[in-house]
Amino acid sequence: MITLEVRGNAKLTPGFSTITLGGPELEHLKPTGSDQTVRLFFPREGQDRLRMPKLSSEAWMAEILLLPKSRRPWVRNFTIRRARPELGEVDIEFALHGDTPASAWARRARPGDPAGIFDMGVTYLPPAHAEWQLLAGDESAVPAILAILEHAPASLTAEVFLEVPGTADIRADITAPEGVQVRWLARDGSDALPGRLALDAVKKSSLRPGRFYTWVAGEAGLATGVRRHLVQDRGVPKPDIAFFGYWRHGRSSPG
């Protein structure tokens, strides 16, 4: 368990913010990959302090659940967008989903506010046999995919599909190898369910030849839909697909 504090809160676009966390305990965080995932602990509105678990293993969950909600912190999974170990800082990028607990905290967080993290490792593990890669996600997966691209080798060839709430959320300044083609897809107030534009775009795309590795994350229907399409319609081997349902539309996470 690593206890930190907010050092900055910067609005990137209407739908995204970056919160910088820092503190001396970051020396205990070991970099493990470009999509390094952490459990983020943050206080509920009205709590006077953050109560971090004392246990440093996955047993912390039982410890948290034994607390009454009035003392229990919120816990959500996030990707470290950037790390600056020399400054004892990490950036975590938030997709601002309505009034979810994480979005509400990201909007009100100010320097000095407490937070904590627990390292969960990485999920982006491309095999050596992959000739190219397919990366797809909605706004909840944009930070992870951008981190992957930013740390990718110059030789990477990839097709990338990034769905965001609006055109104003499209980034013009991303870092990616020359062999990466990024397609931004904006819902712009349409009635389409989150993830549907990215799923449809993958289905309609003329994907390049050769064996490839897929990493797809976001709304559950997007992750499972892309996997189902690739396996059933394109004959992609299941082991070549990593898929992660970060959230489910219309269903809130337990607190």
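Student: In this predicted model, which residue forms a salt bridge with E159?

Tutor: Happy to start there. E159 lies in strand β8 (residues 158–164) and its partner in strand β9 (residues 180–186), so the pair ties together parts that are 24 residues apart in sequence. The closest N and O atoms are 2.7 Å apart. The partner of E159 is R183.

Student: Are E159 and R183 buried, exposed or partly exposed?

Tutor: Buried means under 20% relative accessible area. E159, at 5% relative accessibility, is buried. R183 has 25% relative accessibility, and R183 therefore counts as partly exposed.

Student: Which side chain meets D240 in a salt bridge?

Tutor: Good one to look up in the loops. D240 sits in the loop between α5 (220–234) and β11 (241–247), and the other residue of the pair in the loop between α4 (196–204) and β10 (212–219), 29 residues apart. With an N to O distance of 2.6 Å, the partner is R211.

Student: Which residues are linked with R81 and E150 in a network of salt bridges?

Tutor: Side chains of opposite charge can pair when their charged atoms come close. The model has 13 salt bridges by the rule used here. In the network, R81 and E150 are joined by R82, E93 and R171.

Student: R44 is buried yet has no salt bridge; which backbone oxygen does its side chain reach at 2.7 Å?

Tutor: R44 lies in the loop between β3 and α1 (60–65). The nearest side chain of opposite charge, E45, is 10 Å away. A polar atom of the R44 side chain lies 3.4 Å from the backbone oxygen of K69. The backbone oxygen at 2.7 Å is that of R72.

Student: Where around helix α2 do its buried residues lie?

Tutor: In α2 (residues 101–108), the buried residues are A102, S103, W105 and A106. They cover an arc of only 165 degrees around the axis, so they lie on the same side of α2.

Student: What covers those buried residues of α2?

Tutor: Look to the strands, my friend. The cover includes β1 (2–13), β2 (16–22), β3 (37–42), β4 (74–84), β5 (89–95) and β6 (114–121).

Notes: Residues numbered from 1 in each chain as written. Predicted model: local features only at pLDDT ≥ 70, side-chain atom pairs only at ≥ 80, totals over all residues. Heavy atoms only, no water. Buried < 20%, exposed > 50% of the residue type's maximum accessible area, 1.4 Å probe, protein only. Helix = DSSP H or I, 4+ residues; strand = E, 2+ residues; numbered from the N terminus. Arc of directions from axis to C-beta. Contact = heavy atoms within 4.5 Å. Lys, Arg positive; Asp, Glu negative; His and termini not counted. Salt bridge = Lys/Arg side-chain N within 4 Å of Asp/Glu carboxyl O. Polar contact = N/O pair within 3.5 Å; in protein donor to acceptor, adjacent residues only side chain to side chain.
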